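Good morning, everyone, and thank you for making the time.

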Amino acid sequence: MALDITAVIKGSVAEITLSGELDAAAAPRFRQELEVAAAGKPSDLVLRVRDLEYIASAGIRMLIFAKQKMGPGVTVYVIAPQEQVLDTLRRTGLQYSVVVQDEYPAAG
Amino acid sequence: MQTNSLTVPATLDSLAPIGTFVLAAADAAGLSKPARYRLRLAADELATNAVTHGSAGAAVPGQIDVRLEMDEETLTVILEDPGVPFDPSQVPPPDDLHLPAERRDAGGLGVYLALEGVDRFSYERVGGRNRNVLVMNRPNKERMKDEG
């Protein structure tokens, strides 16, 4: 399944919704959206990934790229990842660099 | 033993059909959800490497062959590509996984995910081609029945 990306900037929050499969073929499109988001100098980058079924290392590298491009002052949220996507984030140490939660803003 | 094979151009557009092919085999082998994901990820990462590094500079992309072998115990995925010699098992694992992203170089992640995700991995150079062999253990149906 191809990757579907939608992006919106709401004030200081950049939101990107990913669905489908994020492999090396699709990663350049994700990078383009991250660069647009970074240009807006957001305080939060929110990645909605509930319907993202697959992420390869090329996608993980894009998350690392986003953190490096935006700097430590920007919080990257990964919202509602599927179990196997979350497993890949953990296996690659990304849980140290992003905030994983079910909703944004956080419930309660 | 059952066998099946797929031949595709060594391009990024071939990653999707390789993924579909491997996932279908994983389902036929009865692999668990995490195991099927990891096997597909491993095949995808090694195919990506073959395309982005192995075929670099080639005027016409070569072909990637994916062969499946299944017996009662294991499902084996064999990927062959015509790229420059590259043995993934010689790539050291990343040593910066624990660092914040700002301080990571993000190299070696694909090979790491591939090799760490399968039950057995081997590499050989055969006839001018790289052969990567990924093996997953199939669930033991008798044991599952006993435990169930």
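Predicted model: local features only at pLDDT ≥ 70, side-chain atom pairs only at ≥ 80, totals over all residues.

Residues are numbered from 1 along each chain as its sequence is written, chains are lettered from A and ligands numbered from 1 in the order in which they are written, and side-chain values use heavy atoms, with hydrogens and water left out.

Let me start with chain A, whose secondary structure consists of three helices and six strands, where helices (H or I, at least four residues) and strands (E, at least two) are DSSP runs numbered from the N terminus. Read from the N terminus, the order of these elements is β-β-α-β-β-α-β-α-β. For 108 residues a compact globule would have a radius of gyration near 13 Å, and the 12 Å of chain A agrees with that; the radius is taken over C-alpha atoms, and the globule rule is 2.2 Å times the number of residues to the power 0.38. The C-alpha atoms occupy a box of roughly 30 × 30 × 20 Å along the principal axes. Of the 108 residues in chain A, 56% are buried, and here buried means under 20% relative accessible area, exposed over 50%, and partly exposed in between, with a 1.4 Å probe and protein chains only.

One residue of chain A that I would like to point out is Lys10(A), which lies in strand 1 (residues 4-10) and is partly exposed, at a relative accessible area of 49%. Lys10(A) is 32 residues from Pro42(A) in sequence, and their C-alpha atoms are 9.0 Å apart in space.

Turning to chain B, we find four helices and five strands, which run β-α-α-β-β-α-β-β-α from the N terminus. Its radius of gyration is 16 Å, close to the 15 Å from the globule rule for 148 residues, so chain B is as compact as a globular protein of that length. Its C-alpha atoms fill a box of roughly 55 × 40 × 25 Å along the principal axes, and 46% of the 148 residues are buried. If we take contacts (heavy atoms within 4.5 Å) between residues at least 6 apart in the sequence of chain B, 65% of them join residues at least 24 apart.

Which elements cover the buried residues of helix 3 of chain B? Seven of the nine residues of this helix (residues 109-117) are buried, so it is largely enclosed by the rest of the structure; among them are Leu109(B), Val111(B), Tyr112(B) and Leu113(B). The cover includes helix 2 (57-70) and helix 3 (83-91) of chain A, together with helix 2 and strand 5 (129-137) of chain B.

Finally, the structure holds two aromatic pairs over all chains. Tyr54(A) and Tyr37(B) form a tilted pair, at 5.4 Å centre to centre and with 50° between the planes. Tyr54(A) belongs to strand 4 (residues 52-55) of chain A and Tyr37(B) to helix 2 (residues 33-54) of chain B, so the pair joins two chains. Rings of Phe, Tyr and Trp (its six-membered ring) pair if their centres lie within 6.5 Å, and planes under 30 degrees apart count as stacked, over 60 as edge-to-face and the rest as tilted. Both Tyr54(A) and Tyr37(B) are buried.
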